[in-house]
Amino acid sequence: MPEHNLADYEIDAENFRTPLKSNAFEMDDESKISLISDHFTSILNILGLDLTDDSLKGTPDRIAKMYVKEIFSGLNPANKPVPTLFDNHYRYSEMLVEKNIAVFSNCEHHFVPITGKAHVAYISKGKVIGLSKLNRIVQYYSRRPQVQERLTIQIAEEIKRVMETDDVAVMIDANHHCVSSRGIQDIGSSTITTSFSGKFKNVDTRNEFLRYIGQ
Ligand SMILES: Nc1nc2c(ncn2[C@@H]2O[C@H](COP(=O)(O)OP(=O)(O)OP(=O)(O)O)[C@@H](O)[C@H]2O)c(=O)[nH]1
Ligand SMILES: [Zn+2]
C-alpha cells in the first residue's frame, strides 16, 4: 500500500500543484533508486562512457540516490516539514521577515540547477513559527523539478496554511543555469518572482518588506 496519495498535496490546489501521475506514490524509495540507477547506466553507456572506470562505476547509483533522497526529495510528502508553532504571547504584531534563505532547486525543463535567495514574511494572526521552519518550507518545495513561479506560490501557500493567515509575502531572486550555462548563456541575468497576499497587497506594507530585504 502506498504511504501517501495525492490528497497529501491538499494545499497544492489545481492551478499550482506539481504535475504528478496518479500512481506517483506507489513505489518505495529503494525501488525508485534501483530503477533510476539502471536507467542512468543506460544513459552513460549511450554517451560512450566506460562504466568499469573507477571514478564512474558508482555514478548511476550516486545520481539515483541524489535524485530520490536529496534534490527531488520534495516530491515525497513524507519529507514535508512539520512546523513548530508557538502562541504569540508577546503580541508581536509587526511583520516577521526571514531573508536570504538559500534556494537550491532544479529547472523542470532542463534538469539543471536554479540557485538563489528567497525572502519570506508573514504577519501573525496569533501563532509564531519556529524560524528554521520557514527555511525548511523553502527547501522542501525547492527540492522538486520546478519553475520559479510555481515554487514561489507553493511556498507562499504553505506559509499561509501553516500560519492560518493571508498576510504573507515571498520573493525569490534566482539564477537559472539553463539560461547561464547553456542556451542563451547569459550569466548576468537573474529572475525575480513575488507573491503578496493579504496586508502585503497594501503598498506601504509591501514597501516595508522590500526595504528590509534591500530591494
Ligand atoms: N517561466 C519560466 N521559464 C523557465 C523557467 N526555467 C526555465 N525556463 C525557460 O523555459 C524555456 C523552455 O523553452 P524551450 O524553448 O522549450 O527550451 P530551449 O529550446 O532549450 O530554449 P533555450 O533555453 O532558449 O535554448 C526556456 O526559455 C527557459 O529559459 C522558470 O522557472 N520559469
Ligand atoms: Zn531550464
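The questions and answers below concern a predicted model.

Residues are numbered from 1 along each chain as its sequence is written, and chains are lettered from A and ligands numbered from 1 in the order in which they are written. In this predicted model, local features need pLDDT of at least 70 and side-chain atom pairs count only at pLDDT 80 or more, while totals for chains, interfaces and linings use all residues.

Colleague: How far apart are the C-alpha centres of domain 1 and domain 2?

Modeller: The protein is divided into domain 1 (6-79) and domain 2 (85-212), with bounds that come from an automatic or database domain assignment. Ten residues of domain 1 are in contact with 13 residues of domain 2, contact being C-beta atoms, placed from the backbone, within 7 Å. The C-alpha centres of the two domains lie apart by 25 Å.

Colleague: Which residues does Val 138 touch, leaving out those up to four places away in sequence?

Modeller: Val 138 is among the residues with the most contacts inside the largest nonpolar core, which has 27 residues. Such a core is a set of buried Ala, Val, Leu, Ile, Met, Phe, Trp, Tyr and Cys residues joined through C-beta atoms within 7 Å. Helix H3 (131-142) is one of the elements that each supply at least two residues of this core; helices are DSSP runs of H or I, at least four residues, and strands are runs of E, at least two, numbered from the N terminus. With that sequence limit, Val 138 touches Ile 101, Val 103, Ala 118, Val 120 and Ile 155.

Colleague: How many charged residues does the shell around ligand 1 have?

Modeller: The residues around ligand 1 include Cys 107, His 109, Glu 149, His 176 and Cys 178, where a residue is near if its C-beta atom, placed from the backbone, lies within 6 Å. Asp, Glu, Lys and Arg count as charged, Ala, Val, Leu, Ile, Met, Phe, Trp, Tyr, Cys and Pro as nonpolar, and the others, Gly among them, as polar. By class, the shell has five nonpolar residues, four polar and, as charged, one.

Notes
A residue is buried if 20 or more other C-beta atoms lie within 10 Å of its own, exposed if 12 or fewer, and partly exposed in between; C-beta atoms are placed from the backbone. Two residues are in contact if their C-beta atoms, placed from the backbone, lie within 7 Å.
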